[in-house]
Amino acid sequence: MNWKSVLTWAGVGSFLGFIMAVAAYSRGGNENLVYLIYAGMLLGALLGVRYPIESRASAYAFPLGFAVTSLLAGLWMVKPVASNDVYAFLAVVMAAMILVGAGGFFDMFLVPLTYFGGFAVAMLTFKGYQPLQGTEGAVVGLFTLGVMGAILAFFAVFGRWAFTAARNIPRR
């Protein structure tokens, strides 16, 4: 079993579950639809076992999105967190993704989807936790970490790919 494929497919599945939950919630208003994120993650993991793909960065982006979001939420439960702390977490995401690098174009374009999938799973884990929901700016900071983290993770692996490609261009 290729665990990188399982993590990549689980991240894509949880992202698609999030998209379906948001689309269905806006029409019906049923809060139980958010569990489509878990269903998508499970279905994605099963697809990863059945249909393995070669990935590197997208496999690390899913647990990174989950871990960074969970750590920031846990930190917010203990002490007030300023916006510069959110930016420090974003810097960690970018540095980690630069170090990992993408395995190819497909892997590079799956990175923001899998990162956001990990973020969605972490946010669902803390759903309804009142001390976190009542803290000023906590949810906005976590969504900033999720959305900007996905964008910066893509640009980090794209930047590493671009520098690697530029290094391979022969000099005159």
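Predicted model: local features only at pLDDT ≥ 70, side-chain atom pairs only at ≥ 80, totals over all residues.
Residues are numbered from 1 along each chain as its sequence is written, and side-chain values use heavy atoms, with hydrogens and water left out.

A nonpolar patch on the surface is formed by Phe105, Phe109, Phe143, Val147, Met148, Ile151, Phe155, Phe158 and Trp161, which together present about 840 Å² of accessible area. Patches consist of residues with over 30% relative accessible area and no salt bridge; nonpolar side chains (Val, Leu, Ile, Met, Phe, Trp, Tyr) are joined within 5 Å, and like charges within 9 Å. Helix 5 (105–125) and helix 7 (138–167) each supply at least two residues of the patch, and helix 7 gives the most, with 7 residues. Helices are DSSP runs (H or I, at least four residues), numbered from the N terminus. Phe109 lies in helix 5 and is partly exposed, with a relative accessible area of 49%; buried denotes under 20% relative accessible area, exposed over 50%, and partly exposed the range in between (1.4 Å probe, protein chains only).

The largest pocket contains about 520 Å³ of space. Its lining comprises 20 residues, among which Phe18, Val34, Met123, Lys127 and Phe143 lie nearest the centre. Two or more lining residues come from each of helix 1 (3–28), helix 5, helix 6 (130–134) and helix 7, with the most, 5 residues, given by helix 1. A pocket is defined on a 1 Å grid over the protein atoms alone, as an open set of points where a 1.4 Å probe fits, with protein on both sides within 12 Å along at least five of seven lines; lining residues have an atom within 4 Å of a point. Grid points are joined across faces, edges and corners, and the volume is the space filled by probe spheres set on the points. By class, the lining holds 15 nonpolar, 3 polar and 2 charged residues. Here Ala, Val, Leu, Ile, Met, Phe, Trp, Tyr, Cys and Pro count as nonpolar, Asp, Glu, Lys and Arg as charged, and the others, Gly among them, as polar.

The structure holds 1 salt bridge, a contact defined by a side-chain nitrogen of Lys or Arg within 4 Å of a carboxyl oxygen of Asp or Glu. It joins the side chains of Lys79 and Asp85 at 3.8 Å, N to O. Lys79 is partly exposed at 38% relative accessibility, and Asp85 is likewise partly exposed, at 23%.

Further positions were examined within the helices. In helix 7, Phe154 is buried, with a relative accessible area of 17%. Leu43, in helix 2 (residues 36–50), is exposed at 52%; its C-alpha atom is separated by 6.5 Å from that of Gly13, 30 residues apart along the chain.

Terms used: Areas by Shrake-Rupley, 256 points an atom, 1.4 Å probe, with all protein chains shown as cover.
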